[in-house]
Each structure stands twice: as structure tokens, then as C-alpha cells.
Amino acid sequence: MNNASQYTPAFFQFVAFKRDVDGFAVQVGAFFNYYKLMEAMDGLSDKGIQNTILHSSLKNGEPVFRILVGPYASREEAKAVLRTLTSQGVEGIVVNVLDLE
């Protein structure tokens, strides 16, 4: 089956700019596929989750995009946000953003 048949044409609007980030965040997704990333971002927006940032890097020579909610000054604050996200049906893990490669 052709992967293109899995995609629904769509328009996405977003604003992107680089920023310095430290502290902790809740990682709610990691994607190698840009279209799936955009669908996930749209799904979070539909749930009212707006405090998202995107971390891009390479894994095994391929681009990977991580969706993070945050950042927060402490691990405890990020854990509290994770509990709220979980109650909204969003799974994630708390990460130290400085540990992301």
C-alpha cells in the first residue's frame, strides 16, 4: 500500500522561531514523519493544549521531532502538568530539556 493514501489533504497554520529552553517539559510525542507531527500538534490544540514547543534533532541520521509541553522550572511542576495531561487522555514523560540530543 502506498503511504500517500494514508494522508488527508489539510492546511496547518503555525508560527515557528528558535528559542533557548531549559528546565523540564512533558514529552507527548516523537515523530520521524512531518505530517504525523502536524496531525499530533493539531490534536493537542483541539484539546486546548497550547504551551507546546518542538525539539528537532537527528536519530540514526534521520530527523526526529519531539513535541514538548512546557518548559517548567522544576521536575515537580512538570509532573503535575503530566497528571493533568493524562486526565485529558494525553500520554507523556517528563524530560530534562538539556538532556535532549
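A pocket, as the term is used here, is an open set of grid points with protein on both sides within 12 Å along at least five of seven lines. In this predicted model, the largest pocket holds about 980 Å³ of space. Its lining is made up of 28 residues, and those closest to the centre of the pocket are Val 15, Ala 16, Thr 52, Ile 53 and Leu 54. Helix 1 gives the most, with seven residues. By residue class, the lining of the largest pocket comprises 18 nonpolar, six polar and four charged residues.

The chain as a whole contains two helices and four strands. Read from the N terminus, these elements follow the order β-α-β-β-α-β. The C-alpha trace spans about 45 × 30 × 25 Å along its principal axes.

The four strands form an open sheet in the order 2-3-1-4, with antiparallel pairing. Strand 2 and strand 4 (93-96) are the edge strands, each of them pairing on one side only. On average, neighbouring strands of the sheet are turned by 45 degrees against each other when direction is ignored. In a regular strand, side chains alternate between the two faces of the sheet.

Strand 2 and strand 3 are joined in the antiparallel sense over eight bridges. Within this pairing, Thr 52 has Val 69 in strand 3 as its bridge partner. Thr 52 is also among the residues closest to the centre of the largest pocket. Asn 60 belongs to the loop between strand 2 and strand 3. Although Asn 60 is not a glycine, it has a positive phi of about 55 degrees.

Strand 3 also pairs with strand 1 (residues 24-31), in the antiparallel sense and over six bridges. Here the bridge partner of Phe 31 is Phe 65 in strand 3. The peptide bond from Gly 70 to Pro 71 is cis, with omega near 10 degrees, and Pro 71 is found in strand 3.

Both helices are in contact with strands of the sheet. Helix 1 lies across strand 1, strand 2 and strand 3, and it runs at about 20 degrees to strand 3. Helix 2 (residues 75-87) packs on the sheet and touches strand 1, strand 3 and strand 4. The direction of helix 2 makes about 50 degrees with that of strand 1.

A search of the whole structure for aromatic pairs finds one. The ring centres of Tyr 34 and Phe 65 are 5.9 Å apart and the ring planes stand at 70 degrees, so the pair is edge-to-face, the cut-off for this class being over 60 degrees. Tyr 34 lies in helix 1 and Phe 65 in strand 3, so the pair ties together parts that are 31 residues apart in sequence. Phe 65 thus has a place in two of the arrangements described, as the bridge partner of Phe 31 and as the ring paired with Tyr 34.

Conventions
Residues are numbered from 1 along each chain as its sequence is written. This is a predicted model: local features need pLDDT of at least 70, side-chain atom pairs count only at pLDDT 80 or more; totals for chains, interfaces and linings use all residues. Side-chain values use heavy atoms; hydrogens and water are left out. On a 1 Å grid over the protein atoms alone, a cavity is a set of points where a 1.4 Å probe fits but cannot get out, and a pocket is an open set with protein on both sides within 12 Å along at least five of seven lines; lining residues have an atom within 4 Å of a point. Grid points are joined across faces, edges and corners, and a volume is the space filled by probe spheres set on the points. Ala, Val, Leu, Ile, Met, Phe, Trp, Tyr, Cys and Pro count as nonpolar, Asp, Glu, Lys and Arg as charged, and the others, Gly among them, as polar. Two strands pair if DSSP finds at least two bridges between them. Axes are lines fitted to C-alpha atoms, for helices over the stretch in contact, and angles run from 0 to 180 degrees between N-to-C directions. Contact means heavy atoms within 4.5 Å. Rings of Phe, Tyr and Trp (its six-membered ring) pair if their centres lie within 6.5 Å; planes under 30 degrees apart count as stacked, over 60 as edge-to-face and the rest as tilted.
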